[in-house]
Amino acid sequence: MITFKIRSSKPAGFRSVHLPAFKTMLSFILSLCLLLSGCGVREKEEDSFRIVTSFYPMYIMALNLTQGVPGVQVENMAGQQAGCLHDYQLQSKDMQNLQKADLFVINGAGMESFLEDVKQQLPSLPILVTSQGIPLLEEEDHSHEEESEHGEEQGSHEGHEHGEVNPHVWVSISDAILQVENFSEGLTEADPIHGEQYRKNAEIYIEKLETLREEMHQALDGLEDKRIITFHEAFPYFAQEFGLEIVKVINREPESQPSAKELAETIREIRETGVKAVFAEPQYPESAANIVAEESGAGMYFLDPCTTGEESPDAYLNAMRKNMEVLKTALAG
Ligand SMILES: [Zn+2]
């Protein structure tokens with residue numbers, strides 16, 4: 001980048017200015033150019049290992065695993081605005097990005113609904129599924145209000161539009177730990193030269209996650225009323241981990257607005273059950289949660305499923321700590 005800028009401005013400046021000071025500066029710039037654009041940079045590119053993650057939670061794991069490992073690049077395919085990948089449409093820049101990847105790291109469990117397209121177009125791209133082997137929860141009734149309860153066939157996690165399983169595994173800290181383990185193993189297999197460093201980084205990160213989990217158990221286990229209303233279906237694994245009961249979900253299809261009928265039902269349910277807290281999510285407009293809270297008298301707070309946020313290795317840990325504080329406040333006696 002720097003090299004390119006200096007070089008492109010060079011010809012014009014060279015012809016029009018003849019000051020000795022400029023020549024000195026030019027020779028300095030030239031030697032800098034040589035330093036920066038020498039064959040070292042190219043070699044490094046050839047040596048480097050390029051990880052592309054499907055979305056933010058995988059990206060944060062990758063930042064932890066690759067911390068301090070030279071020559072490893074991490075890129076996040078679906079940018080910050082995407083949040084969860086429900087209905088994410090692959091763009092041509094995504095395919096170009098993946099074409100250059102040495103490893104594509106995904107959540108799996110149906111979260112990446114575009115996976116088949118990627119496999120078809122890039123059959124030789126190695127794909128690492130971090131949710132592999134994690135017991136998956138079935139998606140709850142998925143707005144089939146009028147249909148009779150057939151109990152849908154348990155789906156394979158190749159994922160149809162109606163994900164039969166809930167893909168939000170990373171929101172549980174225990175499952176996130178399993179994902180980090182899978183990630184570290186897969187990454188080591190794909191890039192064995194750095195295997196030892198990946199494993200070491202995984203150990204360090206897992207220890208932090210375990211400490212956090214313990215902290216959260218201490219803060220949340222003793223709460224008497226653990227019933228919550230969440231905005232979208234992101235929290236069943238989290239709820240399972242900390243013994244929370246999700247009484248209702250405001251919007252099962254977070255990309256659209258809940259209908260007036262759905263809102264009314266949620267409000268009625270809160271009035272009947274006396275649930276204290278309604279949780280919006282930072283990634284979606286809070287208007288629906290606001291209406292529900294105002295009409296029902298429940299408090300409104302934010303729970304973060306960690307699908308967007310700061311781009312630092314500790315982002316997930318920080319977001320979860322914040323969730324813990326919010327829950328303590330929201331559910332306190
Ligand atoms: Zn989601």
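Strands β7 (residues 277-280) and β8 (residues 299-302) pair in the parallel sense over four bridges. Helices (H or I, at least four residues) and strands (E, at least two) are DSSP runs, numbered from the N terminus. Two strands count as paired if DSSP finds at least two bridges between them. Valine 278 stands opposite methionine 300 in β8. A crossover is right-handed if, with the strands pointing away from the viewer, the path from the first strand over the helix to the second runs clockwise.

The model is predicted: local features need pLDDT of at least 70, side-chain atom pairs count only at pLDDT 80 or more, and totals for chains, interfaces and linings use all residues. Residues are numbered from 1 along each chain as its sequence is written, and side-chain values use heavy atoms, with hydrogens and water left out.

β7 and β8 belong to an open sheet of four strands in the order β6-β5-β7-β8, with parallel pairing. β6 (245-249) and β8 are the edge strands, each pairing on one side only. Neighbouring strands of this sheet are turned by 35 degrees against each other on average, direction ignored. Axes are lines fitted to C-alpha atoms, for helices over the stretch in contact, and angles run from 0 to 180 degrees between N-to-C directions. Strand β5 (residues 227-230) pairs with β6 in the parallel sense, over four bridges. Here isoleucine 228 stands opposite isoleucine 246 in β6.

Another open sheet has four strands in the order β2-β1-β3-β4, and its pairing is parallel. Its edge strands are β2 (72-76) and β4, each of which pairs on one side only. β1 and β2 pair in the parallel sense over five bridges, with arginine 50 opposite glutamine 73 in β2. Three bridges join β1 to β3, and the two run parallel. The partner of valine 52 in β3 is phenylalanine 104. Strand β3 (residues 103-106) and β4 also pair in the parallel sense, over three bridges. Isoleucine 106 has valine 129 of β4 as its bridge partner.

β1 is largely enclosed by the rest of the structure, because five of its five residues are buried. Buried means under 20% relative accessible area, exposed over 50%, and partly exposed in between (1.4 Å probe, protein chains only). In a regular strand the side chains alternate between the two faces of the sheet. Phe49, Ile51 and Thr53 point one way from β1, Arg50 and Val52 the other way, and all are buried. Helix α4 (residues 56-65) lies across β1 (49-53), β2 and β3, and runs at about 165 degrees to β2. β1, α4 and β2 make a right-handed β-α-β unit.

Serine 131 lies in the loop between β4 (127-129) and α7 (173-190). Serine 131 is buried, with a relative accessible area of 5%. Beyond its neighbours within four places in sequence, serine 131 is in contact (heavy atoms within 4.5 Å) with Asn107, Gly108, Ala109, Val169, Gln179 and Asn182. Gln179 and Asn182 are among the buried residues of α7. α7 has 18 residues and reaches 25 Å from its first C-alpha to its last, close to the 26 Å expected at 1.5 Å a residue. The expected span is 1.5 Å times one less than the number of residues. Serine 172 caps the N-terminal end of α7, with a side-chain oxygen 3.3 Å from the backbone nitrogen of serine 174.

Most residues other than glycine have a negative phi. Alanine 109 has a positive phi of about 60 degrees although it is not a glycine. This alanine 109 sits in the loop between β3 and α6 (115-121) and is buried at 3% relative accessibility. Cysteine 306, also not a glycine, has a positive phi of about 60 degrees. Cysteine 306 is found in the loop between β8 and α12 (315-331). Its relative accessible area is 2%, and cysteine 306 is buried.

Overall, the chain has twelve helices and eight strands. Of its 333 residues, 47% count as buried. Among contacts in the chain with a separation of 6 or more, 67% are between residues 24 or more positions apart.

Definitions and conventions: Polar contact = N/O pair within 3.5 Å; in protein donor to acceptor, adjacent residues only side chain to side chain.
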